[in-house]
Amino acid sequence: MPPALTISEALKDESCWHFAGTHSDEGWTCAWVARRRGWGDDLLLQRPSQPPLVVAARVKVAGPPVFIKDGGFAVVIDGALKVGNSYGNIGNFVVEPAKGETMRGSIRWVGDAFLVVVKRADGRECLRRYSWTSRGDFDEVYAASKGGTIGCFDAWPGSSAVALVHRLANAM
């Protein structure tokens, strides 16, 4: 009989990414991405005192989900902003990017809007605010210079203040 595999040998092509959590009177709700080489990403959601639930399988998850005020969550999956309800069902609100555009990275929930980085059809990146109340409406908060990128950003909930890192095209 061959020797048993070690954990590192058995799981060498698996990893855990994009963890996020929120706390309520019921306890912690957590979400994370299980990534397997050659398989894609599985987005898992675990509510208090419940086993993990796969809410999206074999997809491309761009960043950690963000929890919103009604117990739901939002995440960028396969280049589109998708919102799930408190039971893990995705699809009650989806923002598909325009032709030639893709959403990337993490998102932030700020009051009644989502902030997300979008790579536009012209190749430039911008930070957009998508309205939750006027679903689908957006405004560009910031546009990176030609060839530049938006590395990361954050915002104060309920405020218009945004901080971001803009990497210029010729930066080392």
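The model is predicted, so local features need pLDDT of at least 70, side-chain atom pairs count only at pLDDT 80 or more, and totals for chains, interfaces and linings use all residues. Residues are numbered from 1 along each chain as its sequence is written, and side-chain values use heavy atoms, without hydrogens and water.

Start with strand β2, residues 27-36. Strands are DSSP runs of E, at least two residues long, numbered from the N terminus. In β2, 7 of the 10 residues are buried (under 20% relative accessible area; exposed is over 50%, partly exposed in between; 1.4 Å probe, protein chains only).

Strands pair if DSSP finds at least two bridges between them. Strand β1 (residues 14-24) runs antiparallel to β2, with 9 bridges. A20 stands opposite A31 in β2. A hairpin of 2 residues links β1 to β2. Strand β3 (residues 40-46) also pairs with β2, antiparallel, over 7 bridges. Here R35 faces D41 in β3. The hairpin between β2 and β3 has 3 residues, and G38 in the turn has a positive phi of about 80°.

Now the rings. Rings of Phe, Tyr and Trp (its six-membered ring) pair if their centres lie within 6.5 Å; planes under 30 degrees apart count as stacked, over 60 as edge-to-face and the rest as tilted. The count comes to 2 aromatic pairs. W109 and F114 form a tilted pair, 4.9 Å centre to centre, with 55° between the planes. Both W109 and F114 are buried. Y130 and F138 are also tilted, at 5.2 Å and 45°. Y130 is buried at 3% relative accessible area, whereas F138 is partly exposed at 42%.

Technical notes: Helix = DSSP H or I, 4+ residues; strand = E, 2+ residues; numbered from the N terminus.
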